Every structure is written in C-alpha cells, then in structure tokens.
Amino acid sequence: MPTLAAIIYHEDGQHELRILWQAIHQLQQQGVHVAGLINPLDPQGNKMRHIVCSLTDKREYPIMQPSGASSNTCALNPRSLADASIIIREALNNPPDILVFNKFGSAETAGQGLIQEYAAAALAEIPVITLIRATHLAAWQAFTDSMGTILPCSVEAIIQWANTHAAQRISQH
C-alpha cells in the first residue's frame with residue numbers, strides 16, 4: 001500500500017492548506033501522532049508562506065528570502081530550509097504515525113529541497129501527506145514511480161487515509 005499521499009492545489013494553496021490543518025487537528029485529537037513541517041496560518045486563517053513550523057513543538061523557520069534589491073518577490077532560502085529539515089530528520093529517527101511535509105515544490109522537482117527526506121520516509125514506510133501544485137504533478141509521479149496516492153481535498157478523505165495508514169503502521173510495529 002503506497003505510503004505517500006498528496007493533495008493537489010491549482011492556485012495559491014490557501015484552501016488546501018486550511019483543509020490539511022483541519023485534518024491534522026482532528027487526527028491529533030484522536031491521538032494520532034502527527035509530526036512534520038507545514039506553513040502556519042495567521043489569525044485570519046491565511047497561509048504564512050514565508051514560514052514553516054513544526055507540528056510537534058513551537059519551532060518556526062523563515063524559509064524565504066528577498067530575490068533582489070529592487071524586487072518585492074521572494075525565493076526559497078536553501079539554508080533556512082536545510083535548518084528546518086531537522087524537524088523531518090527528527091521524525092525519521094522517531095517515526096510518527098503520519099509525517100507531514102509542507103509541499104512537494106520546485107526545489108523537490110529539481111532534486112533538491114527535502115527530496116532526500118521524502119525518500120527516507122518512503123523507504124521507512126512512514127505515511128507521508130503533502131501538498132503539491134498541479135504543475136509539479138508529473139515530477140511527483142516520477143518520484144513516487146506513480147505509486148503515490150492523490151487525495152481529494154477534504155478533511156474526511158485525509159483522515160480516512162491517515163487512519164488507515166496509521167493503523168497499518170501500528171500493527172506492523
């Protein structure tokens with residue numbers, strides 16, 4: 001049974017991130033051990049794209065940097081992402097029931113970013129849920145050898161997938 005699952009988004013991913021957060025909260029309330037990195041939501045429920053936070057404690061990592069002196073745009077800061085990857089590596093050493101990755105994005109598509117951590121989680125058969133922009137779907141399918149699950153963007157679908165995989169993982173260990 002594939003242990004990698006993605007929720008596809010087409011625009012800015014705000015809606016999908018909110019749904020994923022709702023599912024995470026419900027899973028945690030059920031006693032499912034969920035760990036990983038995710039964009040936090042501001043008090044209005046909007047995605048804070050410049051930051052990722054740990055799901056197990058209060059650690060936050062700014063992962064974006066200005067992309068030019070005269071530019072208002074930002075680019076991924078590889079050093080900050082590497083710093084944030086400690087959260088995933090800790091989870092790989094003490095596997096949770098479900099591991100959440102912020103997203104499978106441009107860096108992973110290029111074979112960088114958290115791609116090694118995704119691979120390690122897959123090899124360890126740790127159930128992973130992530131977000132993925134539709135434009136990166138082909139790279140996701142190549143990475144997962146078309147064995148990754150695409151989940152509908154609903155709290156119920158995420159919880160059902162997570163509970164099935166968490167239960168299977170618990171019964172194997």
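Which residues are buried in H2? I put this to the predicted model and found Ser 80, Leu 81, Ala 84, Ser 85, Ile 87, Ile 88 and Ala 91.

**Entry 1: helix H2**

I looked up the length of H2, which covers residues 78-93. Its 16 residues should span 22 Å at 1.5 Å a residue, and the end C-alpha atoms are 22 Å apart, so expectation and model agree. I then looked for a bend and noted one of about 30° at Ala 84. At the start of the helix, I recorded that a side-chain oxygen of Asn 77 comes to within 3.0 Å of the backbone nitrogen of Arg 79.

**Entry 2: Ser 85**

I next turned to Ser 85, which is found in helix H2. Its relative accessible area is 4%, and it therefore counts as buried, the cut-off being under 20%. I traced its side chain to the backbone oxygen of Ala 82, at 2.5 Å. The side chain of Ser 85 also makes a polar contact with the side chain of Arg 89, at 2.2 Å. Leaving aside residues up to four places away in sequence, I found that Ser 85 touches Leu 37, Leu 114 and Glu 117.

**Entry 3: helix H1**

Among the buried residues of H1 I listed Leu 17, Leu 20, Trp 21, Ile 24 and Leu 27. After H1 comes Gly 31, with a positive phi near 95°.

Most residues other than glycine have a negative phi. Glu 125 sits in the loop between helix H4 (115-123) and strand S8 (128-133), and is partly exposed at 47% relative accessible area. Asp 145 also has a positive phi, near 55°. I located Asp 145 in the loop between helix H5 (137-143) and strand S9 (149-151). Its relative accessibility is 61%, which means that Asp 145 counts as exposed, the cut-off being over 50%.

**Entry 4: the largest pocket**

Lastly, I looked up the largest pocket and recorded about 470 Å³ of space. It is lined by 23 residues, and Arg 49, Met 64, Leu 76, Asn 102 and Lys 103 lie nearest its centre. Strand S7 (98-104) and helix H3 (106-109) each supply at least two residues of this lining.

Definitions and conventions. Residues are numbered from 1 along each chain as its sequence is written. This is a predicted model: local features need pLDDT of at least 70, side-chain atom pairs count only at pLDDT 80 or more; totals for chains, interfaces and linings use all residues. Side-chain values use heavy atoms; hydrogens and water are left out. Helices (H or I, at least four residues) and strands (E, at least two) are DSSP runs, numbered from the N terminus. The expected span of a helix is 1.5 Å times one less than its number of residues. The bend at a residue is the angle between axes fitted to the seven residues ending there and the seven starting there. Buried means under 20% relative accessible area, exposed over 50%, partly exposed in between (1.4 Å probe, protein chains only). A polar contact is a pair of N or O atoms within 3.5 Å; within protein, one must be able to donate a hydrogen and the other to accept it, and residues adjacent in sequence count only if both atoms are side-chain atoms. Contact means heavy atoms within 4.5 Å. On a 1 Å grid over the protein atoms alone, a cavity is a set of points where a 1.4 Å probe fits but cannot get out, and a pocket is an open set with protein on both sides within 12 Å along at least five of seven lines; lining residues have an atom within 4 Å of a point. Grid points are joined across faces, edges and corners, and a volume is the space filled by probe spheres set on the points.
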